[in-house]
Amino acid sequence: MEQLPLSSPVSNDFSLTPAATRRAFNRVGLGLSLCLVGGALLFLGVCLLLPQDLHQDVLLLLNTLCLDVGGKLLALLFLHTLPNAEFEKRTLTPRQWIGVLSIAYMLMYAGNLAGTGLSYLIYPGAENPLLTTLGQDNLTLLTIMDLILFAPVLEELLFRRLLLNKIARWGELPAMVFSGLAFGLFHGNLFQFFYAFLLGMLLAFVYMRTGRILYPILIHAFVNTIGGVLPLLLNTMDPSSVPASMFTLLFSVSILALVAVGIVSLWRFFKTFKLNKSPQQGSVRWMYLNPGTILFVLICLLLMLSSLFGTQLLEH
């Protein structure tokens, strides 16, 4: 994969001292916490006002409107006072697109294996929320729209556009790691944490190097299509039919090819890998050692534990 040139976000003379870092990331953590809790409360309140026998598609739409739209608007309103960094606009070449897309899928594949393996190691009876959804033949227009449009657009606007614009001045690597961790934790389950974390770091890098939020959105939509829409499509087909067999074969070969190209592209990328450093490396730890970030992490960890052991708790 071709190396993208370094991009230096405009600092606007904003202080990067430990005290300023702690204040800024305390607000960032509180904003992310507000997004989670506020969106969930909004969804719960709306559901309590509506009939209990709502169709699954209606619940999915309400979930998108309340958690994805409502929660993220709350975060935007809370964080808008923090100054923004600016990124130079650049365009990805076709070769870079191939490298980025293959790396994105390879990271998702490897992260999914890690998350699934660790989850079952901790609790063999755990249920993967993603596999549960994919195993229900839920291939509806709204499901497809949520996977390839709503989720990529809304999540990238929060975790890349909004978040990185606020934190990129602390350096590319610290910003990539924080954005990736926040994105992984936000999913609320261990199964998806690792691949969301790795993918989030890659999407952060692409956004900071190109300054174009459309690129992470398209990459996110591509990964969701390969990892979500196509398996759902396969579930709707008769397993014994010739079309299903051909589709399965082509899908399997495509996955192997993407993973192989992704590994090679990532290896080539790391040969010339360079990142802008934080102007004050000593202040990076205060990105995490503040009440807001700690609160956000604790909320997400509680969601993960609930997701992992929820079935066992309900049975007792």
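Helices (DSSP runs of H or I, at least four residues) and strands (DSSP runs of E, at least two) are numbered from the N terminus. The model described here is predicted: local features need pLDDT of at least 70, side-chain atom pairs count only at pLDDT 80 or more, and totals for chains, interfaces and linings use all residues. Residues are numbered from 1 along each chain as its sequence is written, and side-chain values use heavy atoms, with hydrogens and water left out.

The protein chain has ten helices and zero strands. Of its 316 residues, 46% count as buried, that is, under 20% relative accessible area, with exposed meaning over 50% and partly exposed in between (1.4 Å probe, protein chains only).

The second largest pocket holds about 240 Å³ of space. Twelve residues line this pocket, and L107, M176, L266, F269 and F270 are the closest to its centre. The lining has twelve nonpolar, no polar and no charged residues. Here Ala, Val, Leu, Ile, Met, Phe, Trp, Tyr, Cys and Pro count as nonpolar, Asp, Glu, Lys and Arg as charged, and the others, Gly among them, as polar. The helices below each supply at least two residues of the lining.

| Helix | Residues |
|---|---|
| α3 | 94-122 |
| α7 | 190-210 |
| α9 | 242-271 |

Helix α7 gives the most to this lining, with four residues.

A pocket is an open set of points on a 1 Å grid over the protein atoms alone, where a 1.4 Å probe fits, with protein on both sides within 12 Å along at least five of seven lines; lining residues have an atom within 4 Å of a point. Points are joined across faces, edges and corners, and a volume is the space filled by probe spheres set on them.

Elsewhere, L44 is found in helix α1 (residues 18-49). L44 is partly exposed, with a relative accessible area of 47%.
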